[in-house]
Structure formats: C-alpha cells, structure tokens
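Please look at the structure first, then read the points below.

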Amino acid sequence: MATFYGIGVGPGDSELMTVKAVNTLKQIDILYTPKAHKDQVSVAEKIAAPYLSKDLTVKRRHFPMVKNLSEKQSSWRAIAEEIVADVKLGHDVGFITLGDPSVYSTYSYLLDIIGDQVAVETVAGISAYSQIAAATSIPLVLDDELLEIIPATADMSLINKAVDINDNVVLMKVATHWSEVFELLESKKLLDQAIVISNASMANQQQFKVAELTKETKLPYFSTLILKKKYQF
C-alpha cells in the first residue's frame with residue numbers, strides 16, 4: 001500500500017539520522033521538502049542529502065513563515081492535497097523535517113489535513129535538545145525532577161511560570177526573544193544555570209554559557225537554551 005511518511009532527520013548531523021529514517025528515504029518515490037529562503041536547499045534537505053537516490057523526485061514547496069494563520073493554512077492545504085494525490089497514484093511519499101516530526105513541526109499540520117485519506121507513518125527523529133544534552137554530557141532530567149519544553153515565542157508570563165515551577169527548562173527558538181529571556185533569567189539570578197547551543201551537531205555549532213552573554217547578544221536562528229536550576233555551567 002502506498003504510504004505518506006513524515007521523516008525526522010534530526011538536529012543537523014547526517015550521521016544522527018536513524019537507520020529507519022535512512023531506509024525510509026531509500027524506499028520512497030517522491031520527497032517533499034520545505035523550500036528555503038531565496039529558493040535555496042533547506043537545512044533538512046542538506047541533512048538528508050547523503051541518503052537520497054538519484055531517481056528520487058524531490059518537490060520543494062514553500063511554507064510561509066508568517067503570523068497570518070489563513071495564509072499558512074492555505075499553503076498547507078494545497079501541499080497536503082498534492083501529497084494525497086501522489087499517494088493515491090501509488091507513490092510512496094515522504095516529507096522531511098528537522099528534529100522530530102512530533103515536536104513543533106509543520107508535518108503535524110499537514111497530517112491534520114490529510115487525516116485518514118491515505119496511509120500514514122511517522123518516523124521519529126532526534127530532537128535538538130536531546131543532542132544538546134548529549135553534546136554536553138549533561139542529563140536533561142533526573143529522578144523526580146521536572147522538565148518543560150517551551151518555545152521562546154510563547155508569552156513571557158508562561159515562560160516565567162515554566163522557570164518558576166520546573167527544575168529544568170528547554171527554550172526553543174530562543175534567538176527570537178533573546179533580550180527578554182536574558183532579562184528574565186538575570187532577574188531570577190539564574191544566568192549561571194543556563195547554556196545555549198546554536199546549530200546543534202552542525203559544522204558551525206556554537207556553545208555559550210548564558211552568564212558570559214548579554215541581552216544584546218545576537219544568536220543564530222537555530223539556538224536552544226537549557227536551564228538546569230540545580231546545575232552550574
């Protein structure tokens with residue numbers, strides 16, 4: 001039966017893709033991938049590139065990164081309809097996404113639209129925060145500690161609450177609201193308990209102790225902060 005596959009390609013290093021993800025890429029007929037800025041190849045496609053066959057049909061599609069929900073939904077629907085049509089023609093179709101398909105991924109919106117129109121299989125991937133923990137050899141969470149994962153784009157009141165009630169906090173996309181996040185941690189005297197890793201597992205990976213940064217620091221887009229209140233970096 002032809003199937004639509006959502007494939008997590010991990011945080012950046014092609015070697016961090018799972019065996020299942022690689023094998024799935026080798027069996028599909030058509031691959032959908034986000035179109036990067038100025039029609040460049042996306043980060044996800046660059047990660048998957050070593051495993052893509054020459055016979056694979058790659059369809060790069062634009063996913064608007066805008067606040068206008070109706071504009072995004074219109075794009076998602078058009079792409080989902082194209083995917084469904086391809087699968088119904090008997091093709092195995094894949095969609096690649098950074099990290100894990102179930103964590104802040106456009107794939108989930110496509111899946112919601114596609115529903116049960118065609119067979120679907122989701123292939124898990126390594127999330128950036130898991131790789132960051134591995135890269136630093138520091139556990140994300142131990143024993144009865146609490147861990148919360150929250151995007152830095154969330155309302156600051158929610159981020160403030162997350163910091164107050166959890167032992168460990170992962171802040172995704174932290175570059176987008178860096179000055180506010182820095183001021184929050186500074187006010188709570190938690191700068192020494194936080195670390196930022198940018199471009200996790202990529203060739204240009206960078207690691208920063210938050211205490212050595214300022215609120216004016218310009219971080220790369222793919223930056224994730226880990227706060228461990230019981231640990232000093």
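Ser137 lies in the loop between helix 5 (128–136) and strand 6 (147–151); helices (H or I, at least four residues) and strands (E, at least two) are DSSP runs, numbered from the N terminus. This is a predicted model, in which local features need pLDDT of at least 70, side-chain atom pairs count only at pLDDT 80 or more, and totals for chains, interfaces and linings use all residues. Residues are numbered from 1 along each chain as its sequence is written, and side-chain values use heavy atoms, with hydrogens and water left out.

**Positive phi in loops**

- Most residues other than glycine have a negative phi.
- Ser137 is not a glycine, yet its phi is positive, at about 55°.
- Ser137 counts as exposed at 66% relative accessibility (exposed means over 50% relative accessible area, buried under 20%, partly exposed in between; 1.4 Å probe, protein chains only).
- Lys189, in the loop between helix 7 (178–187) and strand 8 (194–198), also has a positive phi of about 55° without being a glycine.
- Lys189 is exposed, with a relative accessible area of 72%.

**Helix 3**

- The buried residues of helix 3 include Trp76, Ile79, Ile83 and Val87.
- Glu81 and Lys88 are exposed residues on the face turned away from the buried side of helix 3.
- Just after helix 3, Gly90 has a positive phi of about 100°.
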